Amino acid sequence: MNLFRLAGDVSHLLAIIILLLKIWRTRSCAGISGKSQILFALVFTTRYLDLLTTFISFYNTTMKVIYIGCSYATVWMIYAKFKATYDSNHDTFRMEFLVIPIAALSLLVNHDFAPLEILWTFSIYLESVAILPQLFMVSKTGEAETITSHYLFALGLYRALYLMNWIWRFFAEGFFDLIAIVAGLVQTILYCDFFYLYITKVLKGKKLSLPA
């Protein structure tokens, strides 16, 4: 495992921990898009079905179980445990506008027309845009809590580091996965404006806001 992938995994895990602690300590999911969290749960479920068929390593299995478990725990806290604090009035992004086209694309553009491969491809495509409901929600409310900003930054950093991982693997191993690279590039681009605002505002002690 190269350093880019390890750093990406750490950043991803940190993002998840930040989000869970934010909700649990404040007893509130205000400012968190439940729809983005549903999409992430769908991403991990469809990507890691190989847990039932293939063992790669203890580390690999552990991280997959953590991602799946934490994603469903987050959805449960938003829609059940702390449902009264969920801001459904601002979390209005239409998930079907993402899921349906991506499902069709994964059937058309994949490495192999096999069930697990199609589901893996679907998860890669979906992850690249799963944050859109959250960014849309922040744009509608006009601002984000500092802790939510930290979560979004760690999540964006994870994807940028994984993009570097794919590039490193191309030069070091000759391994090239166009689907993963393009999807990672799209996701990183979606975070560009947020990265700029995070560095220029949040790191200077100001509250983050996105243009409506």
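A: The largest pocket holds about 760 Å³ of space. On a 1 Å grid over the protein atoms alone, a pocket is an open set of points with protein on both sides within 12 Å along at least five of seven lines, whereas a cavity is a set where a 1.4 Å probe fits but cannot get out; lining residues have an atom within 4 Å of a point. A volume is the space filled by probe spheres set on the points, which are joined across faces, edges and corners.

Q: What kind of model is this, and how are residues numbered?

A: This is a predicted model, in which local features need pLDDT of at least 70 and side-chain atom pairs count only at pLDDT 80 or more, while totals for chains, interfaces and linings use all residues. Residues are numbered from 1 along each chain as its sequence is written, and side-chain values use heavy atoms, with hydrogens and water left out.

Q: Back to the largest pocket: which lining residues are the closest to its centre?

A: Of the 34 lining residues, Arg5, Arg47, Tyr48, Asn60 and Trp120 are the closest to the centre of the largest pocket. By class, the lining has 16 nonpolar, eight polar and ten charged residues. Here Ala, Val, Leu, Ile, Met, Phe, Trp, Tyr, Cys and Pro count as nonpolar, Asp, Glu, Lys and Arg as charged, and the others, Gly among them, as polar.

Q: How many cavities of 30 Å³ or more are there?

A: The structure holds one cavity of 30 Å³ or more. About 100 Å³ of space lies in the largest cavity. Its lining is formed by His12, Ile16, Leu19, Gln37, Phe40, Phe44, Cys70, Ser71, Thr74, Tyr151 and Leu155.

Q: Which elements give two or more residues to that lining?

A: They are helix H1 (3–26), helix H2 (34–47), helix H3 (58–81) and helix H7 (146–173). Helices (H or I, at least four residues) are DSSP runs, numbered from the N terminus. Seven residues of the cavity lining are nonpolar, four are polar and none is charged.

Q: Now the packing. How do H1 and H7 cross?

A: The axes of H1 and H7 come within 8 Å and cross at roughly 160°, which makes H1 roughly antiparallel to H7. Axes are lines fitted to C-alpha atoms, for helices over the stretch in contact, and angles run from 0 to 180 degrees between N-to-C directions. Angles under 35 degrees count as roughly parallel, over 145 as roughly antiparallel, 65 to 115 as roughly perpendicular and the rest as oblique.

Q: What about H4 and H5?

A: Helix H4 (residues 96–108) and helix H5 (residues 115–129) have axes that come within 9 Å and cross at roughly 140°, so H4 is oblique to H5.
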